[in-house]
Amino acid sequence: MVEHEPEPKRFSPKIPVQLDPPKYDPITVEELSKCDGTDPNRPTLVAIKGIVFDVTRNQAYSPSGQYHVFAGKDPSRALASSSLKPEDCRPDWYDLEDKEKTVLDEWFTFFSKRYNIVGKVQDATNY
């Protein structure tokens, strides 16, 4: 019998977060782009590998935050390559090196332990 290795604790938040059950409602790229933190009537969303997370409560994704470049987008490629460049904030990640794919998977795990999953990018072809 093969034992499952426990998930690294480094991805767990210091203060446990109570998350809602994931929702996989379709969200268009256009709708996602409107959820970039600039409209107080909309949530701030970030997608990773086509899965949409609500990051509204983290000021780092607000218009004045250090990670605002990711808000309203699927920045999978930028996360995989540890880039904050706007031109890298795009969803295509399938052609990355294995090392970068591992980094992206780690980011996905990090987000999934902290933020509610609220949807799935409609017509995303890269997950």
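Me: Where does Gln18 sit?
Reply: This is a predicted model. In it, Gln18 belongs to the segment before strand E1 (26-27).

Me: Is Gln18 buried or exposed?
Reply: Read the relative accessibility. Gln18 has 74%, so this residue counts as exposed, the mark being over 50%.

Me: Now the aromatic rings. How many aromatic pairs does the structure hold?
Reply: There are 10 aromatic pairs. Look at ring centres and ring planes. Tyr61 and Phe111 have centres 6.1 Å apart and planes at 65 degrees, so this pair is edge-to-face.

Me: Where in the chain do Tyr61 and Phe111 lie?
Reply: The pair links distant parts of the chain, 50 residues apart. Tyr61 is in the loop between strand E3 (51-54) and helix H2 (76-80). Phe111 is in helix H3 (residues 98-112). Both Tyr61 and Phe111 are buried.

Me: What kind of pair do Tyr67 and Phe70 form?
Reply: A stacked one. Their centres are 5.9 Å apart, with 5 degrees between the planes. Now check accessibility. Tyr67 is partly exposed at 28%, whereas Phe70 is buried at 4%.

Me: Which residues do ring pairs link into a cluster?
Reply: Follow ring to ring. The cluster holds Phe53, Tyr61, Tyr67, Phe70, Trp107, Phe108, Phe110, Phe111 and Tyr115.

Me: What is the phi of Ser82?
Reply: Ser82 has a positive phi near 55 degrees, and this residue is not a glycine either. Ser82 lies in the loop between H2 and H3. At 63% relative accessibility, Ser82 is exposed.

Me: Next, charges. Why can charged side chains pair?
Reply: Side chains of opposite charge can pair when their charged atoms come close. In this structure, a search finds seven salt bridges.

Me: What distance separates N and O in the salt bridge of Lys34 and Glu30?
Reply: The distance is 3.9 Å. Now count along the helix. Lys34 and Glu30 are four residues apart in helix H1 (residues 29-34), so about one helical turn separates them. Lys34 is partly exposed at 37%. Glu30 is exposed at 53%.

Me: Which residue meets Glu31 in a salt bridge?
Reply: Arg42 does, at 2.7 Å from N to O. This pair links distant parts of the chain, 11 residues apart. Glu31 is in helix H1, and Arg42 is in the loop between H1 and strand E2 (45-48). Both ends are partly exposed: Glu31 at 30%, Arg42 at 28%.

Me: Which residues are linked in a network of salt bridges?
Reply: Arg77, Arg90, Asp92 and Asp95 are. One of the links joins Arg90 to Asp92, with the closest N and O atoms 3.0 Å apart. Arg90 is partly exposed at 32%.

Me: What about Asp88: how far away is the nearest side chain of opposite charge?
Reply: That side chain is Arg90, 4.2 Å away. Asp88 is buried and has no salt bridge. Asp88 is in the loop between H2 and H3.

Me: Which side chain makes a polar contact with the side chain of Asp88?
Reply: Ser83 does, at 2.6 Å.

Me: Last, the cysteines. How many disulfides are there?
Reply: The count is zero. Cys35 is buried at 2%, and Cys89 is buried at 11%.

Note on methods
Residues are numbered from 1 along each chain as its sequence is written. This is a predicted model: local features need pLDDT of at least 70, side-chain atom pairs count only at pLDDT 80 or more; totals for chains, interfaces and linings use all residues. Side-chain values use heavy atoms; hydrogens and water are left out. Rings of Phe, Tyr and Trp (its six-membered ring) pair if their centres lie within 6.5 Å; planes under 30 degrees apart count as stacked, over 60 as edge-to-face and the rest as tilted. Helices (H or I, at least four residues) and strands (E, at least two) are DSSP runs, numbered from the N terminus. Buried means under 20% relative accessible area, exposed over 50%, partly exposed in between (1.4 Å probe, protein chains only). A disulfide is a pair of cysteine sulfur atoms within 2.5 Å. Lys and Arg count as positive and Asp and Glu as negative; His and the chain ends are not counted. A salt bridge is a side-chain nitrogen of Lys or Arg within 4 Å of a carboxyl oxygen of Asp or Glu. A polar contact is a pair of N or O atoms within 3.5 Å; within protein, one must be able to donate a hydrogen and the other to accept it, and residues adjacent in sequence count only if both atoms are side-chain atoms.
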